Every structure is written in C-alpha cells, then in structure tokens.
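Here is a short report for a reader meeting this structure for the first time. Please look over the sequence and the model, then read on.

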Amino acid sequence: MSDFDGRTVLVTGAAGDIGAAAAAAFAKAGANLVVTDRRADALEAVAAVLREAGTDVLAHACDQADPVAVEGLFAAISAHAGRLDAAFLNAGYGRYGALIDTPFELWRKHVEVNLNGGFLMAQGAARLMRQAGRGGAILFTASTAATHICDMLGAYASSKAGVRMLAKSLASELGVWRIRVNLVLPGVIETAMTQSLIDDPAVRSDAISNTPVGRLGKPEDIARLAVFLCSDAAGYVTGAEVLADGGQTLHGYPRWFSADYAQAGAEFIPHTQR
Ligand SMILES: NC(=O)c1ccc[n+]([C@@H]2O[C@H](COP(=O)([O-])OP(=O)(O)OC[C@H]3O[C@@H](n4cnc5c(N)ncnc54)[C@H](O)[C@@H]3O)[C@@H](O)[C@H]2O)c1
C-alpha cells in the first residue's frame with residue numbers, strides 16, 4: 001500500500017514537461033489522476049499513456065486564467081472522483097523581455113496565468129478538500145526567479161514572487177482544515193520553457209559550469225519532490241519553499257542576460273556574448 005492508493009491527485013500544466021513527469025510519478029505511486037492544461041491535444045496524449053499503464057485518469061483541458069473554466073474543472077473532479085487529496089499546481093507562463101519595453105498585455109498575461117490562475121486553482125482545490133474533511137496537500141511550482149533578480153525575466157519573476165506569498169498565506173489559513181501548502185523553486189530544468197536558451201551550446205555549458213551538482217535539472221527531479229511533498233511522509237512540512245536548483249542560487253541566479261552598466265543606455269545581451 002502506498003500513501004496514494006485510493007487518493008485523487010490533480011496536476012496542472014500536465015501537458016508540459018514537468019507536469020507530465022509528475023503525473024507519471026503520482027500514477028506510479030498509486031494515485032488516481034486528474035490532469036489539466038490549456039493544450040487539449042497534448043493533454044490527451046499524456047492521459048492516454050497513463051491510462052495504458054492502468055491508472056484512472058480524468059483529463060480536463062482548461063485555461064487556468066479563466067474563472068468559469070476553472071469552476072468547470074472542479075465540477076468535473078467532483079462528479080468523477082468525489083474527492084481531491086492533493087494538487088500539484090504547476091502550470092506556468094514565461095517570456096523573456098525588458099520590463100521597459102514589455103507591452104501591458106504581456107505583463108498582464110504573466111499575472112493572469114501564474115498568479116490569478118494559481119489562486120483560482122488553489123481555491124478550487126482547497127474547497128474540495130475542505131468539503132471532504134480529510135485534509136490534503138497543495139504544492140505550487142514557483143521558481144528560483146521568485147526570490148532572485150533575473151534580468152529580462154521581470155514579469156515572470158514578479159508573478160512567481162506573488163505565487164510565493166500566495167502559497168505561504170494559504171499555508172497559514174488552510175492549516176485549520178489540515179491542508180498543507182508548499183512551494184518548490186526549480187532552477188534551470190531542461191523543458192520546453194528553457195529550450196530556446198539552453199539549445200545554445202555556449203549558454204548551456206555556462207549554466208552547467210555555474211551549477212554545483214554539475215548538470216541541469218530534469219523534469220523527474222521536480223516530479224519526485226512533488227510526490228514526496230504531497231505524501232504523508234511530508235506531513236509536518238507546510239509553508240516551506242524547497243529549492244531544487246542543483247545549487248545554482250548559492251552564487252546567485254544564472255545570468256542569462258547582462259548589460260555593461262558603465263555604458264549609459266547599454267542593452268541587455270546574452271551573458272555569454274559579453
Ligand atoms: N523549466 C524550468 O527551468 C523552470 C524553472 C523554474 C520554474 N519552472 C516552472 O515549472 C512549471 C512547469 O513548466 P515546464 O518547465 O514544464 O514548461 P512547459 O512549457 O513544458 O509546461 C508549462 C505548461 O503550462 C501550461 N500552461 C501555460 N499557460 C496555461 C494556462 N493559462 N492554463 C493552463 N495551462 C497553461 C502549458 O500549456 C504547458 O503545458 C511552470 O510553472 C514554470 O514556470 C520551470
């Protein structure tokens with residue numbers, strides 16, 4: 001018997017690399033799965049693999065920035081499973097760009113997807129957990145960018161810093177319902193989100209050279225941590241932010257872009273080109 005036998009776990013961003021790896025890890029641990037993502041076709045493909053391995057899976061695509069769509073997701077979970085024991089709130093959106101030139105719509109998208117969407121998902125999950133009266137676990141994927149300055153990622157970092165405070169506030173308020181809330185802060189993980197940067201061999205080797213464990217992260221590194229933090233083994237852990245960055249932030253955030261401050265008006269360019 002595992003902690004997750006008979007339990008239902010929600011994974012958001014499940015069509016993405018970290019989400020798909022986490023869904024597979026929760027399934028391996030014995031959980032029934034609810035997977036969601038904005039991208040319906042890719043989500044179905046992830047669900048099909050899980051079903052083939054014998055896992056009970058509800059796949060329900062939705063845009064987490066849309067309150068009506070998120071309400072529909074939780075109604076579907078209620079109808080399908082009647083309970084929710086853990087939620088790995090992992091979907092996220094990030095684009096590079098200088099804040100001074102970021103169009104408001106792009107800024108707003110970061111806040112809507114990461115912070116507003118994170119709030120809607122957490123609230124929906126917590127309400128189902130409260131209703132069932134069995135407690136539960138909520139885990140957010142933030143980022144090392146939630147706690148460090150990273151040039152050209154200001155909109156992303158600001159929204160993830162909001163997610164960090166959201167998680168800690170929820171950890172306090174939801175304690176009365178025996179719901180634990182934690183955060184994982186990944187460093188550079190090899191996924192679709194970082195591909196455009198680490199496909200450049202110079203950037204990749206620079207990042208590895210600045211990572212004490214000597215490699216970049218893999219989706220499974222985060223997936224294993226997510227299973228642990230949502231399991232009974234982590235029953236005394238709440239309000240925690242767990243770094244999973246191979247030690248990258250021991251020396252500060254890896255500098256993807258930088259500018260020569262001695263030159264007024266200097267542009268931020270890829271750090272490896274300076
Ligand atoms: N890859 C990294 O280095 C890294 C580092 C730190 C944090 N993160 C965070 O990890 C999480 C997973 O990212 P990933 O690296 O697997 O990238 P990914 O692009 O493979 O996955 C992100 C997923 O989120 C989904 N998504 C985006 N907007 C959505 C919306 N409005 N509604 C529903 N789903 C939406 C996407 O469709 C995608 O499947 C994200 O929150 C990301 O910010 C990633």
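## Terms and model

Two residues are in contact if their C-beta atoms, placed from the backbone, lie within 7 Å. This is a predicted model: local features need pLDDT of at least 70, side-chain atom pairs count only at pLDDT 80 or more, and totals for chains, interfaces and linings use all residues. Residues are numbered from 1 along each chain as its sequence is written.

## Overall shape

The protein chain has eight helices and nine strands. Its radius of gyration is 19 Å, close to the 19 Å that the globule rule gives for 274 residues, so the chain is as compact as a globular protein of that length. That radius is taken over C-alpha atoms, and the globule rule is 2.2 Å times the number of residues to the power 0.38. Helices (H or I, at least four residues) and strands (E, at least two) are DSSP runs, numbered from the N terminus.

The C-alpha trace spans about 60 × 35 × 35 Å along its principal axes. Of the 274 residues in the protein chain, 46% are buried. A residue is buried if 20 or more other C-beta atoms lie within 10 Å of its own, exposed if 12 or fewer, and partly exposed in between; C-beta atoms are placed from the backbone. Take the contacts between residues at least 6 apart in sequence: 70% join residues at least 24 apart.

## Around the ligand

Which residues come nearest to the ligand? Among the 28 residues around the ligand, they are Gly13, Gly16, Ile18, Gly92 and Thr191. Helix 1 (17–28), helix 4 (104–132) and helix 6 (192–198) are the elements that give two or more residues to this shell. A residue is near a molecule if its C-beta atom, placed from the backbone, lies within 6 Å of it.

The shell holds eleven nonpolar, twelve polar and five charged residues. Ala, Val, Leu, Ile, Met, Phe, Trp, Tyr, Cys and Pro count as nonpolar, Asp, Glu, Lys and Arg as charged, and the others, Gly among them, as polar.

## Helix 1 and the core

The largest nonpolar core has 78 residues, of which Ala22, Ala23, Phe26, Phe88, Ile138 and Ala226 touch the most other members. Helix 1 gives the most to this core, with nine residues. Such a core is a set of buried Ala, Val, Leu, Ile, Met, Phe, Trp, Tyr and Cys residues joined through C-beta atoms within 7 Å.

Eleven of the twelve residues of helix 1 are buried, so the helix is largely enclosed by the rest of the structure. Among the buried ones are Asp17, Ile18 and Phe26. Leaving out residues up to four places away in sequence, Phe26 touches Phe4, Val9, Val11, Ala31, Leu33 and Val227. The twelve residues of helix 1 should span 16 Å at 1.5 Å a residue; the end C-alpha atoms are 17 Å apart, which agrees. The expected span is 1.5 Å times one less than the number of residues. Gly30 follows helix 1 and has a positive phi, near 105 degrees.

Helix 5 (residues 154–173) has 20 residues and should span 28 Å; its end C-alpha atoms are 29 Å apart, which agrees. Its buried residues include Tyr156, Lys160 and Leu170. The buried residues of helix 5 pack against helix 4, strand 5 (136–141) and strand 6 (179–186).

Met152 lies in the loop between strand 5 and helix 5. It has a positive phi of about 70 degrees although it is not a glycine. Met152 is buried, with 20 other C-beta atoms within 10 Å. His148 lies in the loop between strand 5 and helix 5. His148 is partly exposed, with 18 other C-beta atoms within 10 Å. Beyond residues up to four places away in sequence, His148 touches Thr249, Gly252 and Tyr253.

Arg178 sits in the loop between helix 5 and strand 6. Its phi is positive, near 60 degrees, in a residue other than glycine.

## Leu197 in helix 6

Leu197 is in helix 6. Is Leu197 buried or partly exposed? It counts as partly exposed, with 16 C-beta neighbours inside 10 Å. Leaving aside neighbours within four places in sequence, Leu197 is in contact with Val203 and Trp256.
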